[in-house]
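Reader: I'm new to this one. Can you walk me through it?
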Amino acid sequence: TYEFFGGLSKGVEKRDKVRTRVIAATLSDHIKSSDHIFIMGHTNSDLDAVGAAVGMWAAVTKGLDRRASIVIDKGRSMATTLINAFEHQPEYENMFITPQEALDRCTQRSLLIVVDTHSTSFVESQEVLKAIPRVVVIDHHRMMVTHIKNALIFYHEPYASSASEMVTELAQYIKASAIDGADAQALLAGIMLDTKNFVLNTGVRTFEASAYLRRRGADTVAVKKLFSDSLETYKQKAQLVSGAEIY
């Protein structure tokens with residue numbers, strides 16, 4: 001077994017973006033040589049996983065003119081408000097597919113981009129991961145023992161606030177104009193979720209990425225609405241808090 005001690009030191013933020021530029025160029029080459037790109041987050045996907053996946057989808061389809069699909073189990077997602085917002089727009093039709101649909105469509109020339117996780121046990125579908133030999137990983141969580149091995153690109157930056165921040169930086173170097181209103185909002189929602197509204201794990205690059213998203217048309221009010229609960233949920237939360245006792 002593995003036993004871990006410590007591991008509380010913070011990742012130091014890098015000032016230059018040379019690595020991001022190099023990875024964006026390499027990733028673009030891999031995408032161009034693939035017939036279909038599948039993008040997948042972690043199981044019980046949140047706003048960061050879905051936001052990063054949407055940002056990557058926009059960079060692939062609008063920036064590099066390649067076919068792409070986001071593999072997601074909608075029944076287990078915690079970002080249904082964001083998913084529903086996209087499904088009602090004709091230009092994003094068929095963007096989300098089930099793991100079974102991905103298994104039916106994938107070939108040996110397909111490329112799988114895994115965002116917001118690097119662990120084989122946390123991915124949305126382990127079957128899809130096994131079926132597609134060419135894998136790219138984009139993640140910001142601290143390295144785990146069960147990480148995906150033999151990835152073509154393993155872009156792992158623990159200092160980054162969120163996967164959405166990393167995808168935003170990559171998208172700028174793939175094609176800056178690929179991200180627009182709805183995509184920018186999804187990415188900004190992911191950043192806001194993982195930083196608790198720009199409070200935790202926030203670096204200079206987090207604000208730079210957010211400023212770019214704002215320029216590309218992200219509506220901060222619409223993003224805030226994604227976090228709002230229904231009145232029923234609000235009442236239940238209030239009830240729980242009012243009945244709490246401090247020991």
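Author: A definition to start with. Helices (H or I, at least four residues) and strands (E, at least two) are DSSP runs, numbered from the N terminus. The model is predicted.

Reader: Where does Asn94 lie, then?
Author: Asn94 is in the loop between α3 (80–87) and β3 (96–97).

Reader: Is Asn94 buried or exposed?
Author: Exposed. Its relative accessible area is 61%, and exposed means over 50%.

Reader: What about phi of Asn94?
Author: Phi of Asn94 is near 65°, a positive value in a residue that is not glycine. Most residues other than glycine have a negative phi.

Reader: And Asn44? Which loop holds that residue?
Author: Asn44 sits in the loop between β1 (37–40) and α2 (47–63). Asn44 is not a glycine, yet has a positive phi of about 55°. With a relative accessible area of 36%, Asn44 is partly exposed.

Reader: New topic. How many helices and strands are there in the chain?
Author: Ten helices and six strands. The radius of gyration is 18 Å, close to the 18 Å that the globule rule gives for 247 residues, so the chain is as compact as a globular protein of that length.

Reader: What box do the C-alpha atoms fill?
Author: Roughly 60 × 50 × 35 Å, along the principal axes.

Reader: How many of the residues count as buried?
Author: 47% of the 247 residues. Thr206 is one case: its relative accessibility is 1%, so it counts as buried.

Reader: Where is Thr206 found?
Author: In helix α8, residues 204–215.

Reader: What does Thr206 touch, leaving out residues up to four places away in sequence?
Author: Glu13, Ser161, Glu165, Ile191, Thr195, Phe198 and Asn201.

Reader: How far apart are the C-alpha atoms of Thr206 and Met192?
Author: 9.8 Å, with the two residues 14 apart along the chain.

Reader: And Thr117: buried or exposed?
Author: Buried, because its relative accessibility is 5% and the cut-off for buried is under 20%. Thr117 is in the loop between β4 (111–115) and α5 (126–131).

Reader: Which backbone nitrogen lies 3.3 Å from a polar atom of the Thr117 side chain?
Author: That of Ser119. Beyond four places in sequence, Thr117 touches residues including Gly41, His42 and Asp139.

Reader: Last one. How far apart are the mean positions of the positive and negative charges?
Author: 5 Å, for 28 positive and 29 negative charges.

Technical notes
Residues are numbered from 1 along each chain as its sequence is written. This is a predicted model: local features need pLDDT of at least 70, side-chain atom pairs count only at pLDDT 80 or more; totals for chains, interfaces and linings use all residues. Side-chain values use heavy atoms; hydrogens and water are left out. Buried means under 20% relative accessible area, exposed over 50%, partly exposed in between (1.4 Å probe, protein chains only). Contact means heavy atoms within 4.5 Å. A polar contact is a pair of N or O atoms within 3.5 Å; within protein, one must be able to donate a hydrogen and the other to accept it, and residues adjacent in sequence count only if both atoms are side-chain atoms. The radius of gyration is taken over C-alpha atoms; the globule rule is 2.2 Å times the number of residues to the power 0.38. Lys and Arg count as positive and Asp and Glu as negative; His and the chain ends are not counted. The place of a charge is taken as NZ of Lys, CZ of Arg, CG of Asp or CD of Glu.
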